[in-house]
Amino acid sequence: VDDGVTISVSGNHLVIPSEEDYRGEEVTLSEILIKSPSEHTIKGQHYPLELQFVHYADSSEVPVIASVFVEEGAENQ
C-alpha cells in the first residue's frame, strides 16, 4: 500500500530472533514500512530512507519495531 508518504508491505512471515534480543520468543513479521524521508532522527538528523520492521510475539499485543536508516553511499557489490 502506498499512501504517498509510506509504503506498507504486509505478510505473515515467521522470524526466530536470538535469545538475547527477545528472550527466545518467536515473533511474526507483520509489516515492513518504508518511509522517505525518515520518520525518526538520530541526534536531530533525518535520513533519506527509514525501513521499519513491525513484529508481534504470540504472547503480546504490543509490537516490537526495529528501524533501519538508509543513506546513499558507495556501491556495495
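## A tour of the predicted model

Select Phe53 and His55 to begin: a polar atom of the His55 side chain lies 3.5 Å from the backbone oxygen of Phe53. Such a polar contact is a pair of N or O atoms within 3.5 Å; within protein, one must be able to donate a hydrogen and the other to accept it, and residues adjacent in sequence count only if both atoms are side-chain atoms. His55 is found in strand E3. Helices (H or I, at least four residues) and strands (E, at least two) are DSSP runs, numbered from the N terminus. His55 has a relative accessibility of 10% and therefore counts as buried. The class "buried" means under 20% relative accessible area, "exposed" over 50% and "partly exposed" in between, with a 1.4 Å probe and protein chains only.

The model is a predicted one, in which local features need pLDDT of at least 70 and side-chain atom pairs count only at pLDDT 80 or more, while totals for chains, interfaces and linings use all residues. Residues are numbered from 1 along each chain as its sequence is written, and side-chain values use heavy atoms, with hydrogens and water left out.

**The whole chain**

Now display the protein chain as a cartoon. One helix and four strands are present, and their order along the sequence is β-α-β-β-β. Colour the chain by pLDDT, the predictor's confidence in each residue, from 0 to 100. The mean for the protein chain is 77, and 68% of its residues reach 70 or more. Among the elements, E4 has the highest mean pLDDT (87), whereas helix H1 (residues 19–22) has the lowest (54). Where pLDDT is low, the predicted coordinates should not be read in detail.

Next, switch to a surface view. The protein chain exposes about 5900 Å², of which carbon and sulfur atoms supply 51%; these areas come from the Shrake-Rupley method with a 1.4 Å probe, and for residues only the protein chains shown count as cover. Of the 77 residues of the protein chain, 19% count as buried. Among contacts (heavy atoms within 4.5 Å) with a separation of 6 or more, 30% are accounted for by residues 24 or more positions apart.

**The loop between E2 and E3**

Pro37 belongs to the loop between E2 and E3. Lys43 is in the loop between E2 and E3 as well. The phi angle of Lys43 is near 50°, a positive value in a residue other than glycine, and Lys43 is exposed, with a relative accessible area of 87%.

**Glu39 and its partners**

Select Glu39, again in the loop between E2 and E3. Which residue does its side chain meet in a salt bridge? The partner is Lys35, at 2.9 Å from N to O. A salt bridge is a side-chain nitrogen of Lys or Arg within 4 Å of a carboxyl oxygen of Asp or Glu, and the count by this rule is one. Side chains of opposite charge can pair when their charged atoms come close.

Is Lys35 buried or exposed? Lys35 is buried, at 14% relative accessible area, while Glu39 is partly exposed, at 44%.

Beyond its neighbours within four places in sequence, Glu39 is in contact with His46, Glu50 and Gln52. Glu39 and Glu50 are 11 residues apart in sequence, with 7.0 Å between their C-alpha atoms.

**The aromatic pair**

Select Tyr47 and Phe69. Rings of Phe, Tyr and Trp (its six-membered ring) pair if their centres lie within 6.5 Å; planes under 30 degrees apart count as stacked, over 60 as edge-to-face and the rest as tilted. One aromatic pair is counted by this rule. The ring centres of Tyr47 and Phe69 are 5.2 Å apart and the planes lie at 45°, so the pair is tilted. Tyr47 lies in the loop between strand E2 (27–35) and strand E3 (49–57) and Phe69 in strand E4 (residues 64–70), so the pair ties together parts that are 22 residues apart in sequence. Tyr47 is buried, with 15% relative accessible area; Phe69 is partly exposed, with 26%.

**Last stop: Glu72**

The C-alpha atoms of Glu72 and Tyr47 are 9.5 Å apart, across 25 residues in sequence. Glu72 counts as exposed, at 79% relative accessibility.
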